[in-house]
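Here is a quick tour of a model, taking in its charged pairs and its sheet. Have the sequence and the structure open as you read.

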Amino acid sequence: MVKIAVAGGSGQIAQEIIDRLVATKQHDILILSRKDLATAEDRVGVTWVKTDYTDKAQLAGILSGVHTVLCFSSAHADARSVAQKMLIDSAVAAGVKRFAPNEWSGSSVEELPWYAEKANVRAYLEEINKEKKVLEYTLFQPGFLVDYLVPPGTANKHIQPSQELWIDFFKRRAIILENGNSEFTVTTVNDIANVVAQAIEYEGEWPVVGGIHGQCGLR
C-alpha cells in the first residue's frame, strides 16, 4: 500500500484512474484541487486538499509521505509550466519517489501548439535528474482516447464524448491527412486505468517513456 497524490483530480481521465485505484483497496488517494470540494467525499481512502500550487513549503507539506504523484493539470492552462514545475520541485523536497507528468495523450507536440508546455516539462524533468536521479518519472502517453468516439451516453462513467473531433459520425465524414493511410494510436480509458494501477504496483524503476499502445488504426 502506498499514498498517491493526484493533481488535477477532478478531470475525466483522472477520475477514471482514481476509481480504478480505489477499487484495488490498496492505496490512500490524496486529490489536489484549486477549488473547494463541492460535495462530501464518500469513497474510502480518498481525501481532498486545496492548493494553488504557488507555495513550495505548503505543497511539500501536503506531499509529505506521498509515494507517487500523478499530474493531470491542463498543459495549455499552465503558462511556462509554472504550476507543474512547482509540483515537481515540491515532490522532490517532500521525498516523493515517483512522478507522472501530464502525458495522457500522444507523444508528439510539434503539430499541437496547445501541448507545447509538455515539452517544457519533459526538459525540466531531464534537467533535475541530470547529475543524479532525484525523482523517478514516466511519460504514460496512451495516445488518443477511443472512448471519445462513442455515441453520447455510452462511454465510461466520467468520459464525456461531447468534444468536436475530426470524425463526424452523423454526417459520415472525417478529415484525413495526405493519402489517408496515416497511423495513429488509440487506447481505451479502461486500459489506461489498468496500466496505471499496475505501474503503481511495479517494483522496478519506471522507464522514462512508458507508452500505452492500444492499437494502430488507419485514418
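## A buried charged pair

Let's start with E103, which counts as buried at 2% relative accessibility (buried means under 20% relative accessible area, exposed over 50%, and partly exposed in between, using a 1.4 Å probe and protein chains only). What does E103 meet in a salt bridge? Its partner is R122, with 2.7 Å from N to O; a salt bridge here is a side-chain nitrogen of Lys or Arg within 4 Å of a carboxyl oxygen of Asp or Glu. R122 is buried too, with a relative accessible area of 17%.

R122 lies in helix α4 (residues 116-128) and E103 in the loop between β5 (98-100) and α4, so the pair ties together parts that are 19 residues apart in sequence. Helices (H or I, at least four residues) and strands (E, at least two) are DSSP runs, numbered from the N terminus.

## What kind of model this is

This is a predicted model, where local features need pLDDT of at least 70 and side-chain atom pairs count only at pLDDT 80 or more, while totals for chains, interfaces and linings use all residues. Residues are numbered from 1 along each chain as its sequence is written, and side-chain values use heavy atoms, with hydrogens and water left out.

## Other salt bridges

Searching the whole structure turns up eight salt bridges. One of them joins D36 and K50, whose closest N and O atoms are 3.5 Å apart. This pair links distant parts of the chain: D36 sits in the loop between β2 (28-33) and β3 (46-50), K50 is in strand β3, and 14 residues separate them. D36 counts as exposed at 60% relative accessibility, while K50, at 45%, is partly exposed.

Then there's R43, whose side chain meets that of E41 in a salt bridge at 2.8 Å, N to O. E41 is partly exposed, at 24% relative accessibility. Salt bridges with shared partners join D19, E41 and R43 into one network.

## The sheet

Now for the strands. Six of them form an open sheet, in the order β3-β2-β1-β4-β5-β6, with parallel pairing; two strands pair if DSSP finds at least two bridges between them. At the edges stand β3 and β6 (136-137), each with a single partner strand, so one side of each has no neighbour in the sheet.

Strand β1 (residues 3-7) pairs with strand β4 (residues 68-71) in the parallel sense, over four bridges. Which residue in β4 is the bridge partner of V6? That's L70.
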